[in-house]
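Here is a short briefing on one protein model. Keep the sequence and the 3D view open as you read.

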Amino acid sequence: MLMNIKRWKSFNKERVPGYSTRGEKVKADEVPRHVAIIMDGNGRWAKKRHLPRVAGHHEGMKTIRKITRVANELGIKVLTLYAFSTENWKRPKAEVDYLMKLPEEFLSTYLPELKEQNVKVQMMGHKEQIPLHTQRAINKAIRETEGNNGLILNFALNYGSRDEIMRAVKNILNDVKNGIMDENELTEEVFHRYLMTNGLQDPDLLIRTSGEIRLSNFMLWQLAYTEFVFTDVLWPDFNEEHFLDAIEEYQKRSRRFGGLKSEEQTR
Ligand code: FPP
């Protein structure tokens, strides 16, 4: 079935000139359930304009608003955004401080519309190292949207996949030691429950912007069977059209999860 969502089209005409024909290429019944994005290229975007790097991050924040909206309209269930990695603390303090202020700015500006759109805000990563003002803004958004059942907007903030896996292993060892878990019960499914994505399905689609082709310690366990789309577009320039291009690309892929396509089974 080709996409023909009236609401979506009117939204698009408003925001993306010439979009109305483009939307029909995306198949509504094959939309990925979970999309994860490595938002990259903010610094280069700013540099090209002779602006400070933080100007790129600020512009990148506006892209989050656009993509959240379109993802929700398309019926995507989860959008996970890599906003700050456990390695990003190595950046100059002024940049880190700025990045830590952005969730607050984003949420104070856009929380009302996220609520209106039925979006549920979540976060994965270690909150305790994040400044209190950032924690408060995020906790407030989580609290005020916890009853929503539209798109889950999952911010990966102070997140690192190796750290996540190491902590999961340590917690499992502890639970085995304390008799909370029998080691024979450890399956992939149980392991997943010890990860920060507990309760979320694995991403169907990963998008990385800015032309870099690597995972940068992002969701290493969860991306085992995910389709990857890499684009040269810098995150602040990434828009609804680019997002739909990525979905369209995803829909052309043949996902086999290590098996065969059903028609090949019989040959
Ligand atoms: C990578 O670009 C981007 C980041 C490390 C930060 C991403 C953050 C945002 C888009 C805004 C966050 C806002 C909220 C609301 C959480 P880069 O700086 O590495 O770019 P470069 O590779 O071109 O230097």
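## Starting point: Val190

Val190 sits in helix H7, which covers residues 188-193. Helices (H or I, at least four residues) and strands (E, at least two) are DSSP runs, numbered from the N terminus. The model is predicted: local features need pLDDT of at least 70, side-chain atom pairs count only at pLDDT 80 or more, and totals for chains, interfaces and linings use all residues. Residues are numbered from 1 along each chain as its sequence is written, and side-chain values use heavy atoms, with hydrogens and water left out.

**Around Val190**

- Val190 counts as buried, because its relative accessibility is 13%. Buried means under 20% relative accessible area, exposed means over 50%, and partly exposed lies in between (1.4 Å probe, protein chains only).
- Leaving aside neighbours within four places in sequence, Val190 is in contact with Met181 and Glu185. Contact means heavy atoms within 4.5 Å.
- Val190 and Ile172 are 18 residues apart in sequence. In space, their C-alpha atoms are 9.5 Å apart.

**The whole protein**

- The protein has 9 helices and 6 strands.
- Of its 267 residues, 47% are buried.
- Take the contacts with a separation of 6 or more: residues 24 or more positions apart account for 77% of them.
- The mean pLDDT is 91, and 89% of the residues reach 70 or more. pLDDT is the predictor's confidence in each residue, from 0 to 100.
- Over residues 1-21 the pLDDT is below 50. Beyond near neighbours in sequence, this stretch has 40 contacts in the model.

**Nonpolar cores**

- The largest nonpolar core has 46 residues. A nonpolar core is a set of buried Ala, Val, Leu, Ile, Met, Phe, Trp, Tyr and Cys residues joined through side-chain atoms within 4.5 Å.
- Which residues have the most contacts inside this core? They are Ile37, Ile76, Leu79, Phe106 and Phe243.
- Helix H4 (residues 93-116) gives the most to this core, with 9 residues.
- Another core lies apart from it and has 10 residues, among them Ala36, Ile38, Met124 and Leu223.
- Look at Ile37 next. Leaving aside neighbours within four places in sequence, its contacts include Ile67, Leu79, Tyr82, Phe218, Trp235 and Phe243.

**Aromatic rings**

- How many aromatic pairs does a search of the whole structure find? The search finds 9. Rings of Phe, Tyr and Trp (its six-membered ring) pair if their centres lie within 6.5 Å; planes under 30 degrees apart count as stacked, over 60 as edge-to-face and the rest as tilted.
- Phe228 and Phe230 form an edge-to-face pair, at 6.0 Å centre to centre with 85° between the planes.
- Phe228 is partly exposed, because its relative accessibility is 27%. Phe230 is partly exposed too, at 31%.
- Trp235 and Phe238 form a stacked pair, at 5.4 Å centre to centre with 20° between the planes. Trp235 and Phe238 are buried.
- Tyr82, Tyr159 and Phe218 form one aromatic cluster.

**Annotated sites**

- An unreviewed UniProt entry gives the annotation "active site" to Asp40 and Asn88. UniProt positions are given in the numbering used here, feature names are shortened, and annotations may be inferred rather than shown by experiment.
- These residues span 49 residues in sequence, yet no two of their C-alpha atoms are more than 12.4 Å apart, so they gather at one spot.
- The lining of the largest pocket includes Asp40 and Asn88. On a 1 Å grid over the protein atoms alone, a pocket is an open set of points with protein on both sides within 12 Å along at least five of seven lines, where a 1.4 Å probe fits; lining residues have an atom within 4 Å of a point.
- The unreviewed UniProt entry also places the feature "binding site" at Asp40 and Glu227.

- Asp40 lies in the loop between strand S1 (34-38) and helix H2 (42-48).
- Is Asp40 buried or exposed? Asp40 is buried, because its relative accessible area is 16%.
- Leaving aside neighbours within four places in sequence, Asp40 is in contact with Arg208, Thr209, Ser210, Glu212, Leu234 and Trp235.
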